[in-house]
Every structure is written in structure tokens, then in C-alpha cells.
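Biologist: I would like to learn how to read the features of a structure, one at a time. Could you walk me through a few?

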Amino acid sequence: MSNSKVVYEGWMVRYGRRKIGRSFIHMRYFVLESRLLAYYKKKPQDNVVPTKTLLIDGNCRVEDRGLKNNHGHMVYVLSVYNKKEKYNRITMAAFNIQEALIWKEKIESVIDQHQESQATNGNKYLSFEYKSGVDNGRNASSSEHDSQFSAAEDEDDSHRNLLRRTTIGNGPPESVYDWTKEFDSDLANQNSNNQAFSRKYWRLLQCQNGLRIFEELDEVDILPKGCSRAMKAVGVVEATCEEIFELIMGMDTTRCEWDCSFQYGSLVEEVDGHTAILYHRLQLDWFPMFVWPRDLCYVRYWRRNDDGSYVVLFRSREHENCGPQPGFVRAHIESGGYNISPLKPRNGRPRTQVQHLMQIDLKGWGLGYVSSFQQHCLLQMLNSVAGLREYYSQTDERPVAPRIPVMVNMTSVSSSSKRSKKLQSSSAHHRSPSLDQIHAANRNAVLMDEYTDEDEDLQADQEAMPSAFEVEDKRTGYEEESTYQIDLSIFSGNLRRDDHDKARNCWTLSNGNNFRVRSKRFCYDKSKIPAGKHIMDLVAVDWFKDTKRMDHVARRPGCAAQVASDKGLFSIVFNLQVPGSTHYSMVFYFVSKELVPGSLLQRFVDGDDEFRNSRLKLIPSVPKGSWIVRQSVGSTPCLLGKAVDCNYIRGPKYLEVDIDIGSSTVANGVLGLVIGVITTLVVDMAFLVQANSTDELPERLIGAVRVSHIELSSAIVPVLETDSSDSQNT
């Protein structure tokens, strides 16, 4: 590192797109000094050479590239470059907009200092990139418009900061009406943030759920046929503008926690960092037995204003990859969106005013026969503002970075219409796409990005940290190698396997995506991802009972572990021991071809008991059962070695883990509750080794199992060999 004073530093994301079309995300340590911006692969020590540097002077610019989508995860992208050398740039991104804004402000302050010092020497650099087009709302912050630079050069820079700080992208699409502009002139005269609307346009219709509901006063005859008057909900949420903005931009399952009209949403096309085409299914409760569900395809544009407020605008748009869906009526949004404005804090808590406007034609026969249908559904959608308020008032946890699943039948614009039709028809059979389909689409989707990021350290980056695509590729290869093609017919246990949803007294494989595990970036942002495919195959389950505790069941002749050993395969056996007047054991046999040398799993198998106890993790879940049982069991990951006594038996080709649930008072109490109603329960369990460092991440499941409606009477008494000389305790 140089001797120059460090202005700001920290971990950020390097985001870009390779020449072959794949996007990538790398964690890099960025350091901003008074004359230099640099990043490193690790936190720099003395005299470490940075991966790349950019000299900061008065010619530099910070270009806001907005939101970019990387496999469903949204990142906020900034591009720093020198105006005289536009191809020499550093692109950086953050998983939350607050961090991106801090970096933008810090870098711009350094640029401003250089400009001021240059001005005293007679060379005056101007900071703002765009002047032309401000009046008509088509501002552009992109460095790619040379004419805007030349226009700006001749202007006085008294409004430099005002213009440059705005993050608006290329402005809203021509067809999108910016309803937030209606009352700008009124607000300018009144100098009051509380006056959030003009009486000229709106009248108070009702108050409900702590919201004020307004209706537009435009004449009815100028409205499009079938379209409702615009309605708007206004409420106060105790959260920052950035937190609320990130939450409403997400289209994953988190949205269901505050938007009661949301069923499913996905990305159809990413136009640029501020504009995207989205597909959205509505969950409306107005006589669902008689009224078809509604869906939407619309363009969404967002911007951040100089006062810290955010504007999100909607309008329906047709798209070749998002045609009408069977079983749905395609509704039409004439105008809509959110206006998120900061208020003064109260009692030390942030406060934000949220306005949600919607003018929609829900289409279909219901409108013609029942006038209340449209208004009821509209109020249900506007009620999301109350949902936002309650979401933040009932938790101290703030949401993780927002996600948007990539649309399942999304195809490249250059793809043939034949392929598009084929994909659409294949998705027509399923009302809601499965997680597997979404993840498959995420892997195959190409982001609509107009630029290629710098390739200065491409080779080194490829070696240091693979892209998200490459992680998926490596995972797939690893899975194929480790799972082998095991002949499941040679294994047997006394508890039968049955994959039918309503089967009883049986087991089946549980989908790995039902469990969330630590992601590759967990060390930086604590994010978690669906676990995906498991490392080992669950080949058999035994359900035993006896008058005493059953230890080391893998020594039993003919059991799955012994059969696997004879075939040269490796097994991990989990023996869940349930104490009582009659002792029960449920034994799971996980098998793979071999352990990958140096892998976390191999280190766990061959490690000492202290290491094993600090890493063996169970993720439980009760998808079907009484509320009290679901609450008691929960779904929080548990380090088994820290919670209960675990005994590890290392055989020649297996590791058995005897888990004595009765050794914990808390676990025993929960178990007493569960055993009494075990025949009514469906229980999911995932076993894994906890990953603590970047080189161990992302976490992988050893395996996952679902046991359904277990009957205590079906357990059998095992015949265990007393001679265990072939095994050793470690």
C-alpha cells in the first residue's frame, strides 16, 4: 500500500461480464486513498501490490449503473473511470444500496477536492455528467453519451453536486408516466414533506389499517376503457428509505411476508440498471372459486432523488418471452409504483413515508357484472403499505439483499420464436414453477448487459475465485464424481421407502432446496442459499427398538454399511437414539463412491472428536404437524456435538455417529412432545458439516431425509454382533 492517507476501505463486489457472456461476482478488498482507488484479493499487508489501480483526479467520474441481476441476486453497481481514458475503469458493486452510496459519496468527495485544487490553478474541471435533457425527465448518467459531456463542459458548475448525485439511469421509458411529478410544483412552494399530495388531484377516500387511501379526481371519460381511477395509499414505516426500497425491489418469497396480493414474480428481461421487465402473479381473494387469477407483465423503472427519496414506477408492457399464461387473465397496469420519502426520525428511529399508487384494469368478466370487484382487489394491493409497516415494526432483523428469480421460460431476444413457444408450452402445465426449474433457468440465463468488464486480471481472477457459474459447474462435476451411479437395489432397511406424498410409516429423500445453508459469500454478508444437491446418497433407513440403548449398529451383518463396504463404497451412518422405557433408534445410511481427499467431509470423517463436535450440524423441519410441535422443533440449524452427546465409531469403510438425544434436557423435552404425536408428523432432517472459512464455503449437505407418519409398533429388535474387533473408537 502507498503512504497516501486512506480515505475509505472495505470489502466490495467485483461485478462484470466475460467475453464469453458469463457474468461473474468476486469479493475484493477496495482501498480509496487521496489520489488512488485500488483493490486487492485479500486485505492488504505492507508492500502488497494491488490487483488493479485507478489514479483519481479531477477528470474522474463515478457512473451509477444501478441494479444488476446475478443468478437472482441483485447488486448495486458503480463504475469509476477517467473521462480522458474511458476504457480504464474499475467496476465495483455492493449487495445493499447503502454501501454503494457510501462508496459513491467518498469517491466523489476525493474527486471534488482535486477539482477545487485544479480550479485554483486555473484549470477548472466540472463534476456533473449530464445537463441536457433534464427538463423533460430523460436525464442520463451514463458516460457513454459524449454529447452530454460536451454540453456540460460549457456550463457553470454552481449546480454541480445537485446534478451529479442523482441516480436516475437513462430516465423512465417513454410509455411510463411519472405520477410523482404531479405535485412537485405544489411542494416547491410549500416547503413541507408532510404535504405529500395536491388537493387539486386527489381526495381522501377512506382510512384503513393506519393508511390514508386517496382517489384521483380526473374525469372518468378520459380514462382508458375498463380502467379504474388511480388510487393511492399513504402510510409511515419505521425504517430507512434504503431498507424499504430494497425490500420492494425483491420478488422472492420474502415478499409474501408483507404483500398479501403477491403470489409469484420473476425477471423477464434486464434492460439496464434502472429498468427491467417483470412477470408478476397476483393472489386476490375475491371469490377465487369463480374468478380466474390475474397476472401482469410490466416494465419497472426506479431512481434515487437528491433528497434521499426513491421513486419506483410501473406500467404494463408486452414481451415476446412473456405471453398469456393458461389459466390466468392478463391484467393491465396503466400507471403505478412507489414513492419512498424520508421523514424526520422520532425517538431515535428512522421514519419513511411510503406512497403506493395503482391504476389498473383487471380485465375479465367480473368487471362488467360486479363493480366492487376491481375496487376490492385494488385496496388489497394498496394494503401492502400497511404490510411494510407491520413487517418492520415486528422484527429487529433487516432483510438480506433482495432477489428476483429469473423467469423459467425466459429466452434470449435472438432465440427463435419456435424455441420460445416450446418453452412457453412446457411451462403451461405448471401454475407455479418449481425451485429446481428456477435454479436451472438461473444457470442458463444471460444477463442483458451492454458492457464487458475489465479483463486486466482475468487469468488471476479465474484461479483465485471462480465465478458463480463456475462454482455451479464445479459443484456438478464434484457431485457426479462423488455420487457415482450406485445400485440402490442392493441395499435394504426395515423402514420402507415411498415417494408418494400421502404415504405413511416410510421415508423418502427430501429436496435439498428445502434447506438454506451458508453461501460462498457468507463470511462477508451472512447470506444463505438453497442447499441444492447432496454429496452422498441415502440408501436405506432402519427403525429399531430394544430394552437398552443400541450403539454401533453399523457392525450388524447385512446392514447397508456392511453391504457398501463389501462393494468398496464409503458410508456415513447417523444413529438417532431415542431413550425411554423402550429405546428406539432411527438409523440413516449415506453412501458415496469415495471421499474427496482434502475436502471438508474427508477432514470431518478423519478428524478428532473435538473437530467433529464443533462441525456436525443438523437442520430440522416439520412441514406437517401441529403448530406446537412445529414451534418446538423449529428449523434453526443445530450443532449436534454441542447440544447432545455424540459417539463416533470409525470403521474401515464407514463412520457411525451415535446421537444420544436423551443426553440433553431440552432435546428430551421436545422429544417427549414429538413421540406422543409421531404418527401425525412429517419430519425433514438435513445433515451437513459446518463451513467456517471462505475456502470451505459454500456449505454442502451430506444428505437429507423426510420421514412420514412413523408407527412405533413397526420398529424391530436388531441382532447386533458382540464382536467389534474390526472397528475402533476414535
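**Reading backbone, burial and surface**

Modeller: Let us begin with His 552, which counts as buried because its relative accessibility is 6%. Buried means under 20% relative accessible area, exposed means over 50%, and partly exposed lies in between (1.4 Å probe, protein chains only). A word on the source: this is a predicted model, where local features need pLDDT of at least 70, side-chain atom pairs count only at pLDDT 80 or more, and totals for chains, interfaces and linings use all residues. Residues are numbered from 1 along each chain as its sequence is written, and side-chain values use heavy atoms, with hydrogens and water left out.

Biologist: What is the phi of His 552, and where is His 552 found?

Modeller: In general, most residues other than glycine have a negative phi, and most peptide bonds are trans. Here, His 552 has a positive phi, near 50°, and sits in the loop between β21 (537–546) and α14 (560–566). Helices (H or I, at least four residues) and strands (E, at least two) are DSSP runs, numbered from the N terminus. His 709, also not a glycine, has a positive phi of about 50°. His 709 belongs to the loop between β29 and β30 (728–729), and counts as buried because its relative accessible area is 14%.

Biologist: Which residues does a cis peptide bond join?

Modeller: Leu 697 and Pro 698, with omega about -5°. Look for Pro 698 in the loop between β28 (682–689) and β29 (701–708).

Biologist: How many residues of helix α8 are buried?

Modeller: For helix α8 (residues 384–393), the count is 8 of 10, so the helix is mostly covered. Among the buried ones are Ser 384, Leu 388, Tyr 391 and Tyr 392.

Biologist: Which residues make the nonpolar surface patch of about 310 Å²?

Modeller: Patches are made of residues with over 30% relative accessible area and no salt bridge; like charges are joined within 9 Å, and nonpolar side chains (Val, Leu, Ile, Met, Phe, Trp, Tyr) within 5 Å. In this model, Trp 627, Ile 628 and Leu 673 make that patch. Ile 628 lies in helix α17 (residues 627–633) and is partly exposed, at 44% relative accessible area.

Biologist: How many disulfides does a search of the whole structure find?

Modeller: A disulfide is a covalent bond between the sulfur atoms of two cysteines. The criterion is a pair of cysteine sulfur atoms within 2.5 Å, and the search finds 0. As for individual cysteines, Cys 260 is partly exposed at 41% relative accessible area, whereas Cys 377 is buried at 0%.

Conventions: Accessible areas come from the Shrake-Rupley method with a 1.4 Å probe; for residues, only the protein chains shown count as cover. A salt bridge is a side-chain nitrogen of Lys or Arg within 4 Å of a carboxyl oxygen of Asp or Glu.
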